[in-house]
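Hi,

Here is the structure I said I would pass on.

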Amino acid sequence: MRRVRSADQDQFARIAPHYDALMANVPYGLWANYIGQLAHLAGRPVRPGSKLLDLATGTGSLALQFAERGCDVTGIDLSAPMIAEAKRKAADQGLNAVFLCRDLADFHLPPEFDYAICVYDSLNYVLDGRDTERAFANTRRALKSGALLVFDVNTVRALEAELFTQDSRPGAAVRYRWKSTYDPETRISKIRMDFRIPDTGERFAVTHHQRAYTDAELRSYLRHAGFRPVTAYEAYRFVPPSPESDRVFYVAVATHTSKH
Ligand SMILES: C[S@@+](CC[C@H](N)C(=O)[O-])C[C@H]1O[C@@H](n2cnc3c(N)ncnc32)[C@H](O)[C@@H]1O
């Protein structure tokens with residue numbers, strides 16, 4: 001049975017109408033290129049007509065990049081307001097994509113996808129390792145054998161370094177002040193986020209939580225969920241991560257045997 005998360009577990013509900021303005025400088029097109037190059041390196045270039053599942057799709061910006069490239073795209077996200085934005089954007093842009101409100105730890109889709117992607121540290125928002133392993137297992141079940149999973153995470157080092165303690169740039173359409181506090185015991189960062197929208201004078205605050213996962217944890221969850229081999233890359237590059245890496249991309253192959 002599907003677990004129902006309460007609205008206060010939706011850390012993006014309040015931000016959803018402003019999310020795209022907040023992310024205005026994020027080069028989703030280049031990210032789509034990078035993921036395409038990782039898929040090419042893994043011997044599975046993304047082709048028009050491929051079925052792609054965008055996990056924690058948010059407002060669907062990356063999903064729609066792949067829809068524009070001719071992929072048959074489905075995006076899922078926990079946050080109903082984020083999914084509503086994604087649907088609105090797809091309609092505005094005249095693009096076909098399916099957007100569904102689902103929890104990564106508790107979703108079921110038929111085993112028809114060639115790719116699953118999950119970016120912008122969305123997996124760090126899953127705070128319990130058992131839920132992360134469930135998310136991978138659910139993803140494995142939605143993929144064809146030999147299909148690819150590509151995702152990124154903020155590393156332990158990034159959260160330890162309080163990467164989220166930052167202020168918006170002067171003149172930004174969404175002004176913010178964020179302060180993160182990392183607990184090395186739980187490896188969870190608590191991020192107090194204060195926002196101000198100059199155009200409307202609106203102000204609001206939300207608290208986000210992100211969990212840092214070690215490379216060994218992620219590999220173990222992936223193996224148990226039925227993914228191997230697993231390759232890690234320094235974000236936006238084609239070299240292995242270093243101890244200094246803040247963001248790492250993983251590419252994992254859905255096993256041909258279904259022991260998961
Ligand atoms: C930083 S946003 C990234 C969104 C999108 N991938 C992007 O690149 O813009 C993180 C997203 O993860 C979603 N999320 C967090 N926990 C989730 C869960 N358990 N299941 C599904 N989505 C989740 C949030 O609702 C939010 O939309």
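Before the strands, a word on terms: two strands pair if DSSP finds at least two bridges between them. Helices (H or I, at least four residues) and strands (E, at least two) are DSSP runs, numbered from the N terminus. Residue numbers start from 1 along each chain as its sequence is written. Keep in mind that this is a predicted model, where local features need pLDDT of at least 70 and side-chain atom pairs count only at pLDDT 80 or more, while totals for chains, interfaces and linings use all residues.

Seven strands make an open, mixed sheet, in the order 3-2-1-4-5-11-10. Its edges are strand 3 (97–101) and strand 10 (227–234), each of which pairs on one side only. On average, neighbouring strands here are turned by 15° against each other, direction ignored. For angles like that one, axes are lines fitted to C-alpha atoms (for helices, over the stretch in contact), and the values run from 0 to 180 degrees between N-to-C directions.

Strand 1 (residues 51–55) runs parallel to strand 4 and is joined to it by three bridges, with L52 opposite Y115. Strand 4 also pairs with strand 5 in the parallel sense, over five bridges, and there Y115 stands opposite L148.

At the other end, strand 10 and strand 11 (residues 247–254) run antiparallel and share six bridges. A232 is opposite Y250 of strand 11. Strand 10 also holds P229, and the peptide bond joining R228 and P229 is cis, with omega about 0°.

**Helices against the sheet**

Contact here means that the C-beta atoms of two residues, placed from the backbone, lie within 7 Å. Helix 4 (residues 80–93) lies across strand 2 (72–77) and strand 3, at about 165° to strand 3.

Which residues of helix 7 (residues 215–225) are buried? They are L218, Y221, L222 and A225. Seen down the helix axis, they fall within an arc of 100°, so they line one face of helix 7; the arc is that of the directions from the helix axis to the C-beta atoms. These buried residues pack against helix 5 (129–142), strand 10 and strand 11. After helix 7 comes G226, with a positive phi near 100°.

A second open sheet has four strands in the order 6-7-8-9, with antiparallel pairing. Strand 6 (166–167) and strand 9 (202–211) are the edges, each pairing on one side only. Ten bridges link strand 8 (residues 188–197) to strand 9, and I188 has R211 as its bridge partner. The two strands form a hairpin with four residues between them, and G201 in the turn has a positive phi of about 80°.

**Around the ligand**

The ligand has 19 residues around it, and A56, G58, L78, S79 and Y120 come nearest; near means that the C-beta atom, placed from the backbone, lies within 6 Å of the molecule. By class, that shell has twelve nonpolar, five polar and two charged residues. Ala, Val, Leu, Ile, Met, Phe, Trp, Tyr, Cys and Pro count as nonpolar, Asp, Glu, Lys and Arg as charged, and the others, Gly among them, as polar.

Y120 has another feature to check: its phi is positive, about 60°, although it is not a glycine. Y120 lies in the loop between strand 4 and helix 5, and counts as partly exposed because it has 19 C-beta neighbours inside 10 Å.

With 14 C-beta neighbours inside 10 Å, Y236 counts as partly exposed. M23 sits in the loop between helix 1 (19–22) and helix 2, and counts as partly exposed with 14 C-beta neighbours inside 10 Å.

Cheers

Methods: Buried ≥ 20, exposed ≤ 12 C-beta atoms within 10 Å, placed from the backbone.
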